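Open the model in your viewer and keep the sequence panel beside it. The tour goes stop by stop.

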Amino acid sequence: MKAKMFRALLPLAIVFTMVSCSSDDSDATTSSEKLVTEYNYNDTELRLVQLINDYRQSIGLNRLEVINHISYKSKDTTNI
């Protein structure tokens, strides 16, 4: 009896799950928010990136790249 009920309700549960999972555009960048392509790093930040990359290269790892938009957003959240 329980197995028959489970088999009958399983397709309904799958359809409900597929319909209820819609895309959420709230995480996407809105048209009013622009991607920051230029960011001014201070001397300390540039020196730190250089030291980290020198060390990473010395142990055989790839160098890291700074991403201006992430740096901008990180600084933006520190003022909260």
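What follows is a list of selections and what to look for at each.

**Before you start**

This is a predicted model, where local features need pLDDT of at least 70, side-chain atom pairs count only at pLDDT 80 or more, and totals for chains, interfaces and linings use all residues. Residues are numbered from 1 along each chain as its sequence is written, and side-chain values use heavy atoms, with hydrogens and water left out.

**Stop 1: the whole chain**

Show the cartoon. The protein chain has three helices and zero strands. Its pattern along the sequence is α-α-α. Helices (H or I, at least four residues) and strands (E, at least two) are DSSP runs, numbered from the N terminus.

The protein chain exposes about 7,700 Å², with 59% supplied by carbon and sulfur atoms. Accessible areas come from the Shrake-Rupley method with a 1.4 Å probe, and for residues only the protein chains shown count as cover. Of the 80 residues, 8% count as buried. Buried means under 20% relative accessible area, exposed over 50%, and partly exposed in between (1.4 Å probe, protein chains only).

**Stop 2**

Select Met1, Met5, Leu9 and Leu12. Together they make a nonpolar surface patch of about 490 Å². Patch members have over 30% relative accessible area and no salt bridge; like charges are joined within 9 Å, and nonpolar side chains (Val, Leu, Ile, Met, Phe, Trp, Tyr) within 5 Å.

Where does methionine 1 sit? Methionine 1 is in the segment before helix H1 (2-20). Methionine 1 counts as exposed because its relative accessibility is 78%.

**Stop 3: the loop between H1 and H2**

Select lysine 34, which lies in the loop between H1 and H2. At 68% relative accessibility, lysine 34 is exposed.

Threonine 37 is exposed, at 56% relative accessibility.

**Stop 4: the tyrosines**

How many aromatic pairs are there? The count is one. Tyrosine 39 and tyrosine 41 form this edge-to-face pair, 4.8 Å centre to centre and with 70 degrees between the planes. The rule pairs rings of Phe, Tyr and Trp (its six-membered ring) with centres within 6.5 Å; planes under 30 degrees apart count as stacked, over 60 as edge-to-face and the rest as tilted. Tyrosine 39 is buried, at 16% relative accessible area.

**Stop 5: the largest pocket**

Select Tyr41, Glu45, Val49, Ile52, Asn53, Leu64, Glu65, Val66 and Ser71, which line the largest pocket. The space inside is about 150 Å³. Helix H2 (residues 43-58) gives the most to the lining, with four residues.

A pocket is an open set of points on a 1 Å grid over the protein atoms alone, where a 1.4 Å probe fits, with protein on both sides within 12 Å along at least five of seven lines; lining residues have an atom within 4 Å of a point.

Leucine 46 also lies in helix H2. Leucine 46 is partly exposed, at 46% relative accessible area. From leucine 46 to valine 66 the C-alpha distance is 9.5 Å, across 20 residues of sequence.

**Stop 6: the salt bridge**

Select arginine 63 and aspartate 54. Their side chains meet in a salt bridge at 3.8 Å, N to O. The term requires a side-chain nitrogen of Lys or Arg within 4 Å of a carboxyl oxygen of Asp or Glu. By this rule the count is one. Arginine 63 is partly exposed, at 39%, and aspartate 54 is partly exposed, at 35%.

Note on methods
Points joined across faces, edges and corners; volume = space filled by probe spheres on them.
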